[in-house]
Amino acid sequence: KGDVLKVIGALSDDKPPDTAADDTTTTTTQADAVDDETTTTTVVPIRGYNRLMIKTMTESLQIPHMGYGDEVNMNALMECRRQVATNKEQRLSVLVYCIKATSLALLDYPQLNSTLCTDTMTLKQSSSHHIGIAMDTPRGLAVPIVRHVESLSLLEISTELNRLKELAKDGALSEQDVGAGASSSSATFTLSNIGAVGGGTYMSPVVAPPQVGIGAMGKVRRLPRFVDNDEDDSLEVEAAHMMNISWAADHRAVDGATLARFSNTWKAYLESPTSMMMKMK
C-alpha cells in the first residue's frame with residue numbers, strides 16, 4: 001500500500017494523462033563494485049488508462065473483499081452457439097452470453113448492481129445494468145461499458161461489444177465509452193474476461209468502487225468430468241467444456257450467501273441457455 005501511495009503522490013501535479021512520450025527519461029550510473037559496468041534506469045511516466053487504474057485501485061484498498069469461485073459446464077452453451085450460427089465466424093462469443101446472464105442474474109439480486117455511499121450509509125440500487133468489460137489494450141487496461149444490458153438482445157450486445165473492442169484496440173475510446181464524462185453514467189457492475197489472455201483457473205478480481213461486485217472468467221477448457229446421472233456411484237466419464245468463474249464483492253454491502261446465490265443463478269443460465277432465452281424480453 002505504501003508503494004502505491006508514493007506513486008499517487010508523485011502524480012499529484014496537474015500534468016494531463018496523455019503527456020507526450022518524450023517524458024520518458026533514462027539515467028546511467030557508474031557501478032561501485034565493478035569497473036566499466038553501468039546500470040541503466042528508465043523513468044516511464046504513468047498516464048492514460050494506467051493513471052486511472054492507479055487511482056481506482058488505491059480507492060479499492062478501502063474495500064473488505066469477499067471472494068467466491070465455481071466452475072461452469074459449458075457443453076450446452078457451446079452447442080447452442082453452434083446451432084444459432086450458419087458458420088463459425090457468425091457465432092456469438094461466450095462473453096456475450098456471460099454479459100447477458102449477468103444482467104438476468106442481477107434482476108434477481110439487485111443488491112449486486114448497487115453503489116455504496118458510506119457518508120450517508122445508503123446502498124443505491126440501479127435498474128439499469130451498465131456492465132463494464134475489462135479489456136487488455138495497447139495502452140493498458142481499459143473498462144468500456146455496455147449500457148442497458150437489461151434491454152439488449154444477444155445480437156445487440158455483440159454489436160456493441162465489437163464496437164468497443166475496435167475502439168479500444170485503436171486507443172479511441174471516448175469518455176462516454178468508459179463513463180468518465182460529466183454527463184455519462186459509470187458502470188454498475190464489471191466483468192473481466194481474463195480467459196481470453198489464456199489460462200485462468202481461479203482469479204482474485206478487485207472491486208472498483210463505488211461498485212460492489214465484479215466477476216472474472218477463465219478460459220473454456222475441455223476436461224474430463226463424471227457424467228451427472230441418478231447413479232451416485234457411476235464411474236462414467238465424458239469430455240466437458242468447463243469454465244471457471246471467480247467473483248469478488250464488497251463485504252460491507254453483500255454477504256456471502258447472496259453472492260453464492262447470484263453465482264448459482266448466473267451459472268444456471270449458462271448451463272441451460274434455453275432458460276436464458278425464456279427469461280429474455
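Colleague: In β12, which residue is the bridge partner of R222?

Modeller: This is a predicted model, in which local features need pLDDT of at least 70 and side-chain atom pairs count only at pLDDT 80 or more, while totals for chains, interfaces and linings use all residues. Residues are numbered from 1 along each chain as its sequence is written, and side-chain values use heavy atoms, with hydrogens and water left out. Strand β11 (residues 221-226) runs antiparallel to β12 and is joined to it by six bridges, where strands are DSSP runs of E with at least two residues and helices are runs of H or I with at least four, numbered from the N terminus. Within β12, the bridge partner of R222 is H241.

Colleague: Which residue stands opposite V72 in β12?

Modeller: Strand β3 (residues 65-73) pairs with β12 in the antiparallel sense over nine bridges, pairing being assigned when DSSP finds at least two bridges between two strands. Strand β10 (residues 213-217) also pairs antiparallel with β12, over five bridges, and there I214 stands opposite A248. For V72, the residue standing opposite in β12 is M243.

Colleague: How many of the 14 residues of β12 are buried?

Modeller: Buried means under 20% relative accessible area, exposed means over 50%, and partly exposed lies in between, with a 1.4 Å probe and protein chains only. In the protein, 39% of the 281 residues are buried. Strand β12 (residues 237-250) is mostly covered, the number of its buried residues being ten.

Colleague: At what angle do α4 and α5 pack?

Modeller: The contact, meaning heavy atoms within 4.5 Å, is made by L95, V96, Y97, I99 and K100 of α4 and by L154, I157, S158 and L161 of α5. I133 touches L95, I99 and L161 among others, not counting residues up to four places away in sequence. The axes of α4 (residues 94-108) and α5 (residues 154-169) are 9 Å apart, and the two helices pack at an angle of about 115°.

Colleague: Where does P210 lie, given that a cis peptide bond joins P209 and P210?

Modeller: Most peptide bonds are trans. The bond joining P209 and P210 is cis, with omega about 10°. P210 is found in the loop between β9 and β10.

Colleague: Is M121 buried or exposed?

Modeller: M121 sits in the loop between β4 (114-117) and β5 (122-125), and its phi is near 55°, a positive value in a residue other than glycine. With a relative accessible area of 69%, M121 is exposed.

Colleague: What is the relative accessible area of H148?

Modeller: H148, in the loop between β8 (145-146) and α5, has a phi near 50°, a positive value in a residue other than glycine. H148 is partly exposed, with a relative accessible area of 36%.

Note on methods. Axes fitted to C-alpha atoms, helices over the stretch in contact; angles between N-to-C directions.
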